[in-house]
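Dear colleague,

Please find the structure below. A short account of the findings follows it.

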Amino acid sequence: MRGRLSLFVRVFAFAGALLCGCRRGGEVPASSSPAPASVPPSILLVTLDTTRADAIGPEARGVETPAFDALARRGVRFRQAYATVPETLPSHSSMMTGLYPAGHGVHENGRFLGPALPVVAERLRGAGYRTAAFVSSFALARRFGLARGFDVYDDEPEAGRAERSARETTARALADLRANAKGPRFLWVHYYDPHAPYAPPEPFATRYAKAPYLGEVAAMDEQLGILVAEFERSGGPTAVLVAGDHGEGLGEHGESRHGDLLYQGTMHVPLLLTGPGVAAGVVETPVSTRHVFHTILDFAGLGAADSLRAPQAEVVLGEAMKPFLEYGWQPQVMAVEGRIKAIQAGRMEAYDVVADPGETRDLAVSSEPPRPLRTALRDYPVPAPAAAGTPATLDEEARRKLASLGYVGGGAAPVIRKDAPRPADMTGLFDVLERASDLFVREDYARAIPLLEQIRAQDPYNLDAVLRLATAHSALGHEAPAAQAFAKAAEIAPGSPDVRVYLALHYARGKEWPRAAPLLEEALAESPQRLPVLEALARVRERQGRPGEAADLWQRVYALRSPTTAEAVRLGELAMSAERTPLAIESFERARAAQGPAFAHDLELGVLYLDARRLTEARDALDRVPASHPAYAMALFKRAQASVLLNEPDQAERIAAARRQADAVTRPLIERERLFAGR
Ligand SMILES: [Zn+2]
């Protein structure tokens, strides 16, 4: 608690210094002071995933984006807008909170935006806006914390898919727009199309056959046009903001996608706004997309501070901490002022991004970057890996979905060391890391192993890769290489709780319960909600014949994720053998509700209801047991008991039937049954 508090104090003190020290009043603003609109406008925010600044708009090369261009002609376009992080969830978290990641705590995908910070949707809803969001990627699913404040948060692609097209998302947003005509609205629509793989729909696939990434942008732009037109027709004054969440490397500086480096391809993004008080124009002042938050509040009449309607010069910051938080490589921070951008990543780099947008001439080689940039980089708070935000609770399917989108996170805490490699020097591993992670979470261990070996060879301190290598060998029954990799992991990260966890899972896999159990218990004491550990310990307790403890652990698992039907049945059986009747009933009822007529455990349910003296439910459950059931004799015996307790007129016949069809198990029970005495 104390650690977190001091981090926040530092962040806010830092932000304060930034505002006071680095502002330059009087630079050319986009418009004269905007007059407040008498009626609050409806506000549309469109975020464009993976969209480079040079891939959209009037200055884009090799692509036509008429919808964006039309907005740019009547609005303000920012030629130097920057994402806060080149990854989807942290970048959007900044737009929703107005904060850099050090303030909102989300440095990577797969984390959780905590409930404490005010988000823009909450503020607008509080001011009478109807709020709705339509997002196109699992990376922004409700579980990651951005849904707060939205009356509608539509994050559902078709079952089993992790993303949906702009066409699908637009259709859903427009349906909602038509169905809810009244009052000012805040609508956020997120398009994901330009994210890899690049597979634009026709006619864009043909038109951009040689540049499918740009084809995706063009297809998305068409949907942007449809969305904006309908939104502006829907009544009342309107404001529109369009912002990229990050770009795409496309091979520049060795990065094909995004998330690992801080160069212009991924950090420089499109940004424009139209609306009341916004005169058409172009702004050269560097701005951060985090001010989307302030600008929306300004449009809604909730305060004009830091609004992009009157942009102020400031040092614009950005970070790419994924390689640091996942592999322990150098943390990366950038700062932009005017036309100079400085990057601190193991060493300092600086570029004139206006004259040299490809960042080919490092000015820091010959002279120090300006002091405000150096100060901002020096003071930027680097997150401690252990405290870098709350991981969202991810089940296996969620991990697979995130991995299918190219996100590697969720592994072991890294080994931090001063001589760690610079991400810019490790570009040859970016794709390997991504492919290895995807194969690993899909449990394709045989194909993951050579990639993990390659990572280990080039980055021997990559704890996550070494542990995954050990686990892959362990899962395939390769005892010797597994043991060797575990030894290596313990050597590079002595005392790491992650090493203990993976080793414990390895022992559990090898059915070495006495060695696995204490390690798992230790790990659970450190992080009580760690799903794989809870599951492994529950399984160990089952195998050790301790059903009560197993049932307790499974209950903790299912508080974090839903059980499958088979798992609900299994918990019912465990609870039954631990004589935990209420839990057993609840579990079997859950399975029955899911399975309907296919449910095959009415006998257990009947016995449990009888034990709980829920007699009519016992009768009904036992009546559902088919004569073909292997323990039908038991069903007849229990049914006769229920009959007597219910004082049914046919109880004598039921006892007779139970006696007639008794087997070796029920015969002695019937003879001893006092309810049947003398009948
Ligand atoms: Zn994104």
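Thr88 is buried (under 20% relative accessible area, with over 50% being exposed and values in between partly exposed, for a 1.4 Å probe and protein chains only), because its relative accessible area is 0%. The model is predicted, so local features need pLDDT of at least 70 and side-chain atom pairs pLDDT 80 or more, while totals for chains, interfaces and linings use all residues. Residues are numbered from 1 along each chain as its sequence is written, and side-chain values use heavy atoms, leaving out hydrogens and water.

**Zinc site**

Thr88 (OG1) coordinates the zinc ion together with Asp49 (OD), Asp49 (OD), Asp245 (OD) and His246 (NE2), at 2.0 to 2.6 Å. Donors here are N, O and S atoms within 2.8 Å of the metal (3.2 Å for Na, K and Ca); water is not among the atoms, so sites may look incomplete. Asp49 lies in the loop between β1 (42-48) and α2 (66-74) and Thr88 in helix α3 (residues 88-97), so this pair ties together parts 39 residues apart in sequence. Asp49 also counts as buried, at 0% relative accessibility.

**Asp155**

Asp155 is found in the loop between β6 (152-154) and α6 (166-179). Helices (H or I, at least four residues) and strands (E, at least two) are DSSP runs, numbered from the N terminus. Setting aside residues up to four places away in sequence, Asp155 touches Val135, Ala141 and Arg142, where contact means heavy atoms within 4.5 Å.

Yours sincerely
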